[in-house]
Amino acid sequence: MRIPICNSAAPLEKDFDHICSTLQGSGVNSPVIVNCQVGLSRSTTGCIAACLFREYQLAASYEGLIETVPGVDLGLLKMDRYKMDMNKDALFRGEFEVIKELIAALPDAEASKRECDKVVVKNGPPKTGGTGIKQTRENIAESKLSYEIMDDAAQAFLKQKIMDNIHKYFYLIVFTAYIREAALLCKDAASEDDKKNFALTGGKVSTPADQLKLPKTFVQYMEEHANLRTVVDEGKGKLQWERDIPADALANIEALAAKD
């Protein structure tokens, strides 16, 4: 499946659906190969989306099966147990203003961010705890630090790139929320055929991962939460782009201006 995506930009809503339709019907342990022209940003985005789809399959298919095993700590099955290193700067933790607005606007966004961050880390380089090549979240913060020491022309380019990557991170969290909802719907609203064919002792249903069907598309999910489009469009640029002038330096400038 070829999905055209601009470098650094977020996939379109329909692009997420293309990824899901490509993976739907495959086994949860089937290898997925993702590549782009450079093999960095877009490849990492595709890998994150693919991993999130696999988490949907695991949550929707296997939790019902595991819950039939006596003595199992069901908390271990939770996908959103990731804990952020609070010693890191807020930007490296992905605590951008627009992400805070997302958490306030979408009930499951906080847990979805934790789950998404776990997958983002796993798809990052070994130095940040992953097995991949690019840390999507922390790369935004690193770009912001670089922005502050560049000339005006370079800043104009990098500012757009930073906002594009925040947009992408926002959408990855929303896609995680969509995947989490889909897993719940598949478990709790199994069809009569699924109940007949895949029922377990105790009433649980465990539909094989390769036979799961998403109850709605991501585009439909976004139509239900259309306000989020406005939130990200208006909020992705809410960063401090200019450095504060130290109070003593500002006072000195004002004194010099008064003398003139």
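Reader: Which side chain makes a polar contact with the side chain of Ser 26?
Author: This is a predicted model, in which local features need pLDDT of at least 70 and side-chain atom pairs count only at pLDDT 80 or more, while totals for chains, interfaces and linings use all residues. Residues are numbered from 1 along each chain as its sequence is written, and side-chain values use heavy atoms, with hydrogens and water left out. A polar contact is a pair of N or O atoms within 3.5 Å; within protein, one must be able to donate a hydrogen and the other to accept it, and residues adjacent in sequence count only if both atoms are side-chain atoms. At 3.0 Å, the partner of Ser 26 is the side chain of Arg 54.

Reader: How many residues apart in sequence are Ser 26 and Arg 54?
Author: Ser 26 sits in the loop between α1 (13-23) and α2 (41-66); helices here are DSSP runs of H or I, at least four residues, numbered from the N terminus. From C-alpha to C-alpha, Ser 26 and Arg 54 are 9.6 Å apart. Their separation in sequence is 28 residues.

Reader: Is Ser 26 buried or exposed?
Author: The side chain of Ser 26 also reaches the backbone oxygen of Leu 23 at 2.5 Å. Its relative accessible area is 18%. Buried means under 20%, exposed over 50%, partly exposed in between (1.4 Å probe, protein chains only). So Ser 26 counts as buried.

Reader: The side chain of Arg 137 reaches the backbone oxygen of which residue?
Author: Arg 137 lies in helix α5. Arg 137 is buried, at 0% relative accessibility. Beyond four places in sequence, its contacts (heavy atoms within 4.5 Å) include Tyr 82, Asp 117 and Tyr 169. At 2.8 Å, the side chain of Arg 137 reaches the backbone oxygen of Phe 92.

Reader: What value is phi of Ser 8 near?
Author: Ser 8 lies in the segment before α1. Ser 8 is buried, at 8% relative accessible area. Its phi is positive, in a residue other than glycine, and near 75°.

Conventions
Helix = DSSP H or I, 4+ residues; strand = E, 2+ residues; numbered from the N terminus.
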